[in-house]
Amino acid sequence: GGIPILSPLVQFNPIDRIKIRPSKGYNLLVCTSPTAAKLFFSEMVSPIVYMPKKVAVTGPGTASYFQPYNIDVICPENDFSAKGLLATLPNDLSGMKILRIRSVEAGTVLSEALKKRGAKVKDLPFYETIALPEPLIPPHDTVFLASSSAAKAWLASGAPRSVSIIVM
């Protein structure tokens, strides 16, 4: 019965010095957020024909960016996290050449886990998440935060903490 009000707390900025040039050599692209997928297509230099034949994602929102291109998408059925994605992928990734695209803040834990399974991984942080300096905080009863970056920005904004807060 609530009325949702969208109020961004962060923005996403590509790193200027990086332009993505996928090569025919990658067997798999690993993309763990809708933001990474969206920015991937806007920042990619090479034509789409150079995309790997398969993409591993952590959820249906991210998968939706690749489906129009008829790319095979590997996606966990329930656990839409890096852990869920690892459970979906084979334990032996020997001989696989993987491009993992991510935000600066995401870290290398997933890439390291893929390497431990035998894959050669190019870990590419190509965008950063920046908290908006003065986000507009409308009147509200409950706050739904869709990412850890949004949660950090919420806490830094000085917004009231006396309401129900839901973090995804």
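Threonine 129 has contacts, beyond its neighbours within four places in sequence, with Val10, Gln11, Phe12, Ser103, Glu105 and Ser149. Threonine 129 belongs to strand β6. The model is a predicted one. In it, threonine 129 counts as buried, because its relative accessibility of 15% falls under the 20% cut-off.

One of these contact partners, Phe12, also takes part in an aromatic pair. The whole structure holds 6 aromatic pairs. In one of them, the ring centres of phenylalanine 12 and tyrosine 127 are 6.1 Å apart and the ring planes meet at 75°, so the arrangement is edge-to-face. Phenylalanine 12 comes from strand β1 (residues 10-14) and tyrosine 127 from strand β6 (residues 120-131), so the pair ties together parts 115 residues apart in sequence. Phenylalanine 12 is partly exposed, at a relative accessible area of 38%. Tyrosine 127 is buried, at 5% relative accessibility.

A stacked pair is formed by phenylalanine 41 and tyrosine 69. Their centres are 4.7 Å apart, with 20° between the planes. Phenylalanine 41 sits in helix α1 (residues 34-43), whereas tyrosine 69 sits in the loop between α2 and β4, so this pair ties together parts 28 residues apart in sequence. Tyrosine 69 is partly exposed, with a relative accessible area of 42%. Both residues belong to one aromatic cluster, made up of Phe40, Phe41, Phe66 and Tyr69.

Lysine 97 lies over the face of tyrosine 26. The distance from the ring centre is 5.1 Å.

The loop between α2 (60-63) and β4 (72-74) also contains asparagine 70. Most residues other than glycine have a negative phi. Asparagine 70 is not a glycine, yet its phi is positive, at about 55°. Asparagine 70 is exposed, because its relative accessibility of 73% is over the 50% cut-off.

Helix α5 spans residues 148-157. Its buried residues include Ala150, Ala151, Ala153 and Trp154. These four cover an arc of only 165° around the axis, which places them on the same side of α5. An α-helix has 3.6 residues a turn, so residues three or four places apart point the same way. On the face of α5 turned away from the buried side, Lys152 and Ala156 are exposed. Glycine 158 follows α5. The phi of glycine 158 is positive, near 80°.

The protein has 168 residues, and 36% of them are buried. Among contacts with a separation of 6 or more, 59% are between residues 24 or more positions apart. The pair of phenylalanine 12 and tyrosine 127, with its 115-residue separation, links β1 to β6. The accessible surface of the protein is about 10,000 Å². Carbon and sulfur atoms account for 55% of that surface.

Note on methods:
Residues are numbered from 1 along each chain as its sequence is written. This is a predicted model: local features need pLDDT of at least 70, side-chain atom pairs count only at pLDDT 80 or more; totals for chains, interfaces and linings use all residues. Side-chain values use heavy atoms; hydrogens and water are left out. Buried means under 20% relative accessible area, exposed over 50%, partly exposed in between (1.4 Å probe, protein chains only). Helices (H or I, at least four residues) and strands (E, at least two) are DSSP runs, numbered from the N terminus. The arc is that of the directions from the helix axis to the C-beta atoms. Contact means heavy atoms within 4.5 Å. Accessible areas come from the Shrake-Rupley method with a 1.4 Å probe; for residues, only the protein chains shown count as cover. Rings of Phe, Tyr and Trp (its six-membered ring) pair if their centres lie within 6.5 Å; planes under 30 degrees apart count as stacked, over 60 as edge-to-face and the rest as tilted. A charge sits over a ring if NZ of Lys or CZ of Arg is within 6 Å of the ring centre and within 35 degrees of the ring normal.
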